[in-house]
Amino acid sequence: MQQEIDPLKVLSGDMLYIAPEIALTVLGLLVLIYDFAVVRKRPSAERQSRLAWLTLFGVVATFAIQLVMMLPQDWGGFDTANLYFPLFSGTIASDGTSSWMNLTVIGLLGLIVIMSMSWSFTEHWGEYFALLCWAGVGMMFLIASEELLTLFLTLETMTLCLYMVTAFEKTRRRSAEAGLKYFVYGSVSSALFLFGLSLIYGLTGTTRLDAIRFALVSQGGSTGLSGNVAGAMAVLLVLVGFGFKIAAVPFHQWAPDAYEGAPAPVTAWVATGSKIASFVALLKVLGGALGPWAMKGTDVTSHGWIGLVAVISAVTMTYGNFAALAQKNLKRMLAYSSIAHAGYMLVGVLAASVSANQASSTAPVLFYLVVYSLTTVGAFSVAAWLVRDKGTDQIEDLNGLGRRSPLLAVCIVLLMLSLIGMPPLAGFFGKLYMFMESLNAGDKGRLPLTWLVFLGLFNSVVSAFYYVRVLKAMYLREPSGTPLAKAGPTIAIPIVAATVAAVAFGLYPAPLLDAMRHASLTRPGPNTRVGTQADPNWTPAHAAAEQIRKRAEAEANGIRMVPMGGGSAPKAKASPKGETTPPKAPRESGQPKAKQDRESK
């Protein structure tokens with residue numbers, strides 16, 4: 001006999017699975033309290049150091065908590081890397097994808113905090129580190145979102161924090177301009193995105209991602225968007241929202257100015273953490289919930305969002321690379337490079353959407369996200385080095401660096417080659433796995449995606465020209481002006497850590513790829529393991545999983561189910577004589593209560 005579900009036990013159990021998010025939230029509050037109560041009157045440099053070390057200690061502790069959560073249950077963990085746990089009535093979920101991506105986001109946050117110790121660019125250090133942590137919380141919840149409203153709220157939590165920290169360098173006019181442009185473009189895209197989500201709700205009657213897919217399948221299976229004007233408008237508006245977050249053309253206008261004007265650590269956080277969270281959410285919404293609208297049947301060239309995303313991918317990677325060729329500012333060059341990489345990753349999204357084995361086919365995209373994010377943090381550490389010592393971030397400021405700092409120059413060379421996609425570095429295998437997934441997408445997707453793969457290879461060659469300019473400046477140009485001082489640990493650690501990751505995942509890509517493939521297989525499906533009562537490790541979260549699944553199917557079929565802990569069906573009453581009285585029928589609108597009582601009797 002299946003046990004009854006206690007809502008309080010379910011809530012307390014669910015809270016354990018979001019312990020890393022809670023830890024980062026509390027960390028942000030502690031940093032603010034410590035700043036205002038203890039170090040507010042101390043010199044700016046001392047405040048920066050103390051608050052940075054406090055934040056770094058908290059981030060390391062959060063990283064450890066996330067690792068413990070991923071350990072097998074036999075080792076005292078929760079095994080979140082292998083099991084799927086719906087949380088808070090299915091609004092978010094803990095699974096392999098969210099666990100590994102959360103671990104990556106926390107690790108990136110640690111490198112960002114270290115980079116933030118490089119130089120003083122603000123007086124508001126408590127607010128700065130708190131917003132970094134809370135932006136990370138928004139990213140982690142966005143990765144775990146399984147419902148449209150939760151997805152939108154977490155997306156806005158992330159971006160609101162990033163809007164503010166972008167404009168924190170008040171001594172530079174470009175920083176305020178960057179924050180304003182980022183906010184204006186983001187506000188418009190968020191409004192359009194929310195309108196698109198409301199259309200999806202109106203067409204399906206639910207906000208759950210799995211129930212949306214069930215509803216679209218029940219309406220006729222893979223129908224594409226032929227003749228579905230409302231559906232096409234919803235997809236277009238959703239793509240506007242996601243296109244802004246990932247800086248895809250033509251929604252990229254904010255990126256070059258925001259990347260250039262924001263402090264280098266903030267730029268690195270925007271270019272890496274937010275892109276990871278946004279792409280995971282994009283995979284869930286497009287490949288998962290809106291999958292039946294991708295194409296009609298097995299025809300990729302039919303009316304569906306596949307063709308639109310393919311065009312966006314092609315234009316994004318091409319425009320990003322050719323625009324980067326003309327840049328002399330390192331951060332603007334990396335901004336356009338980030339746009340181009342978004343185009344590459346959209347190829348992986350398309351491959352996952354048309355693949356017969358959609359779950360495992362998302363692994364190359366996740367692999368590329370991890371590799372790209374780590375190498376990009378290292379690249380922006382170079383920009384932080386330039387700003388700290390020269391006050392500018394021009395590529396020519398790197399002239400002669402190969403002779404003054406030979407070890408770090410070699411690391412920078414390896415990072416640039418990884419971003420190009422040169423073997424045997426991790427960037428090469430990231431592109432290789434994504435492009436091979438596109439070519440192996442099956443008969444229905446091979447030919448239409450082949451031209452995107454060739455275009456991606458061509459653009460990779462184009463990207464070599466502007467990345468090599470960095471190498472040319474370091475080794476073939478004479479130093480000009482004041483030379484760069486020694487990097488110091490706050491600059492060297494992110495560069496070296498990113499280089500080690502690029503080399504290690506290049507020489508041994510299999511462990512990371514296997515982890516990403518295993519993580520993607522924990523997404524909801526017919527064989528997803530969520531636990532059973534016979535399982536000795538049964539928890540209330542396991543018990544809730546089946547009810548959440550049934551509710552999703554019921555919502556897709558137009559059946560209303562009572563929420564967990566939110567009430568129960570009317571029960572029959574027992575009379576004093578032991579007879580059972582049937583429950584009263586619900587009163588219809590406009591019908592007198594006395595008449596209803598007579599009818600129920």
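The secondary structure of this protein comes to 23 helices and four strands. The model is a predicted one. Of the 601 residues in the protein, 57% are buried. Among contacts between residues at least 6 apart in sequence, 77% join residues at least 24 apart.

Seven of the eight residues of H10 are buried, so the helix is mostly covered. Those buried residues are Trp254, Ala255, Pro256, Ala258, Tyr259, Glu260 and Gly261. What covers them includes helix H6 (148-166), helix H7 (173-204), H9, H11, H13 and H15.

The loop between H9 and H10 holds two backbone features. Most residues other than glycine have a negative phi, and most peptide bonds are trans. Alanine 247, found in this loop, has a phi near 60 degrees, a positive value in a residue other than glycine. With a relative accessible area of 1%, alanine 247 is buried. Proline 250 has its place in the loop between H9 and H10 as well, and the peptide bond from valine 249 to proline 250 is cis, with omega near 5 degrees.

Two further sites show such backbone features elsewhere in the chain. The peptide bond from proline 423 to proline 424 is cis, with omega near 0 degrees; proline 424 sits in the loop between helix H17 (406-420) and helix H18 (426-439). Phenylalanine 88 has a positive phi, near 50 degrees, and lies in the loop between strand E1 (85-87) and strand E2 (92-94). At 24% relative accessibility, phenylalanine 88 counts as partly exposed, because the partly exposed class begins where the buried class, under 20%, ends.

Next come the aromatic rings. A search of the whole structure finds 23 aromatic pairs. One of them is formed by phenylalanine 244 and tryptophan 254, a tilted pair at 5.0 Å centre to centre with 45 degrees between the planes. This pair links distant parts of the chain: phenylalanine 244 is in helix H9 (residues 229-246) and tryptophan 254 in helix H10 (residues 254-261), ten residues apart. Both phenylalanine 244 and tryptophan 254 are buried. Tyrosine 319 and tyrosine 336 make another pair, edge-to-face, with 6.2 Å between centres and 65 degrees between the planes. Here too distant parts of the chain are linked, with tyrosine 319 in helix H12 (residues 305-324) and tyrosine 336 in helix H13 (residues 330-354), 17 residues apart. Tyrosine 319 counts as partly exposed, at 36% relative accessibility, whereas tyrosine 336, at 9%, counts as buried.

Phe244 and Trp254 also belong to one aromatic cluster, formed with Tyr163, Tyr182, Phe183, Tyr259 and Phe380. Another ring has a charged neighbour: arginine 40 lies over the face of phenylalanine 36, at 4.3 Å from the ring centre.

The axes of H13 and helix H15 (residues 363-390) come within 11 Å and cross at roughly 180 degrees. That makes H13 roughly antiparallel to H15, since angles over 145 degrees are classed that way. On the H13 side the contact is made by Leu330, Lys331, Leu334, Ser338, His341, Tyr344, Met345, Gly348 and Val349, and on the H15 side by Val365, Tyr368, Leu369, Tyr372, Ala379, Phe380, Val382, Ala383 and Leu386. By class, the contact has 14 nonpolar, three polar and one charged residues.

Alanine 271 connects several of these elements. This residue is found in helix H11 (residues 264-289) and counts as buried, at 0% relative accessibility. Leaving aside residues up to four places away in sequence, alanine 271 touches Tyr259, Tyr372, Thr376 and Phe380. Of these, Tyr259 is one of the buried residues of H10, while Tyr372 and Phe380 are among the H15 residues in the contact with H13. Alanine 271 and lysine 245 are 26 residues apart in sequence and 9.7 Å apart in space, C-alpha to C-alpha.

At 5% relative accessibility, threonine 499 counts as buried. Not counting residues up to four places away in sequence, threonine 499 touches Cys411, Leu414 and Leu415.

Terms used: Residues numbered from 1 in each chain as written. Predicted model: local features only at pLDDT ≥ 70, side-chain atom pairs only at ≥ 80, totals over all residues. Heavy atoms only, no water. Phe/Tyr/Trp six-rings, centres within 6.5 Å; stacked < 30°, edge-to-face > 60°. Buried < 20%, exposed > 50% of the residue type's maximum accessible area, 1.4 Å probe, protein only. Lys NZ or Arg CZ within 6 Å of the ring centre and 35° of its normal. Axes fitted to C-alpha atoms, helices over the stretch in contact; angles between N-to-C directions. Parallel < 35°, antiparallel > 145°, perpendicular 65-115°, else oblique. Contact = heavy atoms within 4.5 Å. Nonpolar A, V, L, I, M, F, W, Y, C, P; charged D, E, K, R; others polar.
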